[in-house]
Each structure stands twice: as C-alpha cells, then as structure tokens.
Amino acid sequence: MLRIACRAAIAIIVSLTVFIQVVQSQWPDVPAIDLSKFKPSDFTDDELDMPYYLKHFHTFANGVIETGPDKGFINIAVWRSPDGNKPYNARIMENILSLAYFYCTNRPWNIYYGSSALRPRLEAALSFWCRIQHTDGRFSEYGPQQWNLPATAFSTKFMGEALRLLKAGPPIDPVILQNAIDADRKAIMAVLTMEDLYKHGKNYSNQYTNVWAGALAYLSLYPDAEISSRLAARIKQSAADFQSPAGFFYEAGGTDFGYNFNTHHSNLWMAYHYSRGTPLANAFTEEEKRYYSWISYNAVPEPGSINYTINRAIEMRQKATTTGSYFTASPLGEAVAGIGAFNMSSAEKGKAFAEARKSLEQNWPHVQPLSTGAFSAFSPYAFLHRAHYQWYPSPQQKEAAVRNLPYIKSNRFIHQKMDSRHPTVFTYVRQPGYYASFNSGPLLKPQQRYGIGLLWHPEAGSFLQSQTDTDDAAWGTKPEGGRLYEADTLDALFLINNKAIHPTPGGHDLKTGMLAVSYKLGATGKKSIVFRDKAIEVAIQHPGPFKEYIPLLLNSTDSALISSPGKVTLRKPGGTIYVLYDAAAKAVLKETTLKSGLQRVVVLCIESSDQLGYSFDIH
C-alpha cells in the first residue's frame, strides 16, 4: 500500500510539475493587425511592401513553438522548402531577423514594437538557435548534426543584422542576448578558420561570402581584433579561389547567374555597407569590376525594358533567363561604373515606387494572402537590407554605362573568356548586324548546354536564347533516338581568317576577322559555324537522320512564320531575321511553355538527313 501511495504521490507531483510548466509557457497570442485603421500614406516609399508582412506577422510569430525540447523553433513553413522545415535546420531560424525587426522597429504602423507577446517568442527563438549549434560553432541544415557551411555562414549574416536591431531596440533578457552574441561569434570564427568550410566555399562562393556580411555587421557592434585579422586574410585569399579569371564567382565549380546576381550580391551589399569608406571595401569593388566585365558580355538589353537577357545555358545550378527577377540594385555601383548599366536608375526606381503605391491604394486594405508552404512566403531577406546604404544611378549615369557596354560601344570585335579551373571557353562575336555568344568546354553539370547561347540584334533585341536543361529548346543537333550533342562536352576549334586560335585563361580581345568554329558531332559527324558581317552560317554533316533545334524569342508584337520553303521570317520592331535552310528539309515552328523574361520561346525544328546547311540572315 505504501508503494502504491508513493507512486500516486509521485504521479501527482509529476503531473503538477508538467501543469505548472505548461501554464508558465503559455504566451499571449501575438495579435492580428487591422490594416483598415491605417492608410497607404502611413508608409514611406521604402515601406510599400510592409503591409503584406504586417498583415501576416501574427500568423508567422505565433508559429514559434512554446514548450518542449523544440521550444523556440519557428514551426511554420514560410521560409525554405516545407520538407526542410525541421528543428535541426538552422536555415529556418534565419527568420529570427523577422521577429527582431518587428520587435525593434519603432514606426507608427508597427503595433509589434516592444510587444510583450512577441518578446518571449523572440527570446525562445534565440535560445533555440543557440542550443542547436555545435560546440565548434557550426550549424546543420539537411539532418541532425549534419554541420555544413551554408547553415553556419548564412546564420552569421542574418544574426548580424538581428543583433544590430536588438542592441538599439527594446530590452530582452540580457543572458539570452549575450548567448546569441557569443554563438554568432563562434559561427563567424568557424567559417573563418575551418579549412573544410573554406574548401567548400571555393565551389559555392555565395555560401561562404555570407560571412563577409556577418562578420562586418558583428564588428560594427563588437570590435574584435582576431575576427578583423582573419576576415581580412580570408577576403584576400578568396580573390583567386572564389572568382574565375573569366569573371564569374564559382558555383558548383562553374558559373551561375542566379546565385551570382542574387545571394552573392546580397552578401556584397551588406559587406559594402559596413566597409564603405575603408580600405577593405576596395577588395569588394575590385572583384565587382571583374564580375561586371563578365556580365557585360553575357547579358544584353531588351528594347523598352529594364531586363537583360542572359547567356543562360551555361548556368550550373539555378535557371535564370533574364536579370529582371534578380539583382537590380548594388550600392557598389557608386565605385564601379559598369554596374550602372544593370541597376535600376533613380527614375526607374521612382516609377516602380509610384506603381507600387498606386496598387496599394487601389487594393487597400487588402494584401496578398500568405501562401504557407511557399519557399519565401515570409522571407528574412525582406528585412535584411532595410537599413543598408543604397545607390541608384541617375538616368544620365545609366545611359553612359549602357553606351559603354562592349557590344554597344563597338560594332565589330571578337572576345574570348576562359576559366582556369576547367577549360571552359566563352566566345563573343560582334558584327555590324548582330552580337553572338558561343560556349564550349567540358560538361560540368547535366543541365548545361553548349554551342550558340545567345543572339542579339542591336535594334530588335535578343532573338535566340538556348534554354537550360532541355533537349528540344536548346540550340543544337539531335540524332534520331539520341540526345542533343550540345548537352555534352564540346571541344571546339576556333579559326580567325583560317588561322587557329588557342584560348587561354582570362579575358582577351582577339584579332578581328572572320571567325569560324567547328566541332565533332559524335564519332563521325561535324558542325561548323561561320560568323559573317550580317549572317551566321551553319553547316552540319551527320550520317543518318537528325533534327536541328533553334530556340527563337518572341514578344507579343513579334511574329515568326515559315514564309516559303526553306525560309523562316522572324519580325521584330527594329529588325527582321531570316532563317534560310535547305528547301528539301522539313521544318516546323513549335510553341513552348517556356518564357524568357517577357518573351516566349518558339522553337524552329528542322529535320534532315546526312547534311544540312542553314543561316541567320540579319537585317
């Protein structure tokens, strides 16, 4: 009986303890905001996106777990993929910045400033983030204790900005705050000192360079001689390790426009904000000069648009057709003139603000619904750069930068860029009638496509773009029952005026003249391209049947039709392009669901056997 009584007493004590813990852990709900009590004029131009985040902040903040071992985890899938929304994934906790932003930002519309309901969630999230850190400073992403570079380096960037807000904001538990400061320092030191993380960064530069931003944000708050020294050394070391002599930043060992434009330049924006006016900023501006030299050959402007169409088919990881959906602002443009061609101008930015305000006023107080499960439904990037230095070129500065783009500055040149890590060669041809890019080298990723990547008319804009990761919308030759030859390693022979050219790493202007490029198609076939003044001639020798794919770009006002046997006419405002081919060959124009910016992709497919000759005749 005594044992039974003791067990009963213990059970009561345990239950009471659990009850007390639950009661103590119950937080008041973060309240919803009634946007109808505010008006669009309460928001500055830079805050026009804020009503969306205000409307949904209570849903997001109330997703923080209140009790148990995962107390503090942000348990709502609004940042990153839903299947990765797990407590071991430190990438989810980058959204601590979103909690800190609303807790610390004193604006008339921010009902969450210093909120007593928000504070325990913010403190719990900070504590949880500290708990999931390895003792050596690293964080995990893809599984429990699977420590890696991105989880650790990205943490430093977002936490660096969160700590800046918290230092000047309403109070939180000082012990929790100090633990977060210490954890951030450990993460920074892990990235700066661990050689395996640096080695990984050589192939994934966007991941590593988060620490440029994170460390500089930390140093702006807490000067630290050791971090300063190690940071400067790594930045110097990375100049050759992270950036190809061709100009791009390495992603998976090659180029990737999406990551280079987006994440990498977010890192540089924040790093430049904290280093601006110091010698350290020079390292960032120098690499930007090299990068925008690369971009100036690989992106071409579209008439009447701020978009540039990209020589995209060489990309390694993401799929970016134009610059329009990526980075359109870089404060480094004040120091690197070439950036101005690709930034929004101050006038374009003003126009965008006016359109956004008009839309907000017309729909007020309604905003877009929160799409739970979407990758960036509530992204910490929305709050990362709010306080960072901005620069936009004047319309005159932008016009000057555009005029200085190589294919606008000159109407005749041949330029080559080559990587040193892999013998990938990028050849750019400007002739009076057009601008062309031709890509060749070893296949580094299955999604890459080689050969002609981009064709551009100086008045009509881009009219051909090879599409990534496709066998029927990438430029190239496909044998019956086989794969596109240009979806594999392509070793090209280059001749200028019948003299062989041997590519070398870096960027080089070649002798002007008639460029001819040739390469093998399988074991017995051959393909050659000759770049003339106003025509590009293609000759194919291939035993047996094959198809030639030519992905054309059309705006809504453009037209493309097979105007007669052996002739396709592509009309654009500003220019007409003819594709002339052997009249005996069978040709068809096929609409696709693919888009390149505002243009749709229409593929000309020519079927032939044994041989085919065709040309782009450009007017």
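I began with serine 140, which touches Tyr88, Asn89, Ala90, Gln145, Gln146, Trp147 and Ala151 when residues up to four places away in sequence are not counted; contact here means heavy atoms within 4.5 Å. I noted that this is a predicted model, in which local features need pLDDT of at least 70 and side-chain atom pairs count only at pLDDT 80 or more, while totals for chains, interfaces and linings use all residues. I also noted that residues are numbered from 1 along each chain as its sequence is written, and that side-chain values use heavy atoms, with hydrogens and water left out.

Serine 140 lies in strand β1 (residues 139–140); helices (H or I, at least four residues) and strands (E, at least two) are DSSP runs, numbered from the N terminus. I found serine 140 buried, with a relative accessible area of 4%, where buried means under 20%, exposed over 50% and partly exposed in between, with a 1.4 Å probe and protein chains only. Its side chain reaches the backbone oxygen of tyrosine 88 at 2.6 Å.

Next I looked up arginine 449, which is found in the loop between β7 (434–440) and β8 (451–457) and is buried, with a relative accessible area of 2%. I saw that its side chain reaches the backbone oxygen of proline 446 at 2.8 Å, and that a polar contact of 3.4 Å joins the side chains of arginine 449 and aspartate 471. A polar contact is a pair of N or O atoms within 3.5 Å; within protein, one must be able to donate a hydrogen and the other to accept it, and residues adjacent in sequence count only if both atoms are side-chain atoms. Arginine 449 and glutamate 486 are 37 residues apart in sequence, yet 5.6 Å apart in space, C-alpha to C-alpha.

I then turned to the helices. Helix α10 (residues 225–241) and helix α13 (residues 280–298) pack at an angle of about 20°, with their axes 11 Å apart; axes are lines fitted to C-alpha atoms, for helices over the stretch in contact, and angles run from 0 to 180 degrees between N-to-C directions. The contact is made by Leu231, Ala232, Ile235 and Ala239 of α10 and Leu280, Ala283, Phe284 and Arg290 of α13.

Last, I recorded that helix α6 (residues 174–193) and α10 pack at an angle of about 35°, with their axes 10 Å apart. Here Arg185, Ile188, Met189, Leu192 and Thr193 in α6 meet Glu226, Ile227, Arg230, Leu231 and Arg234 in α10.
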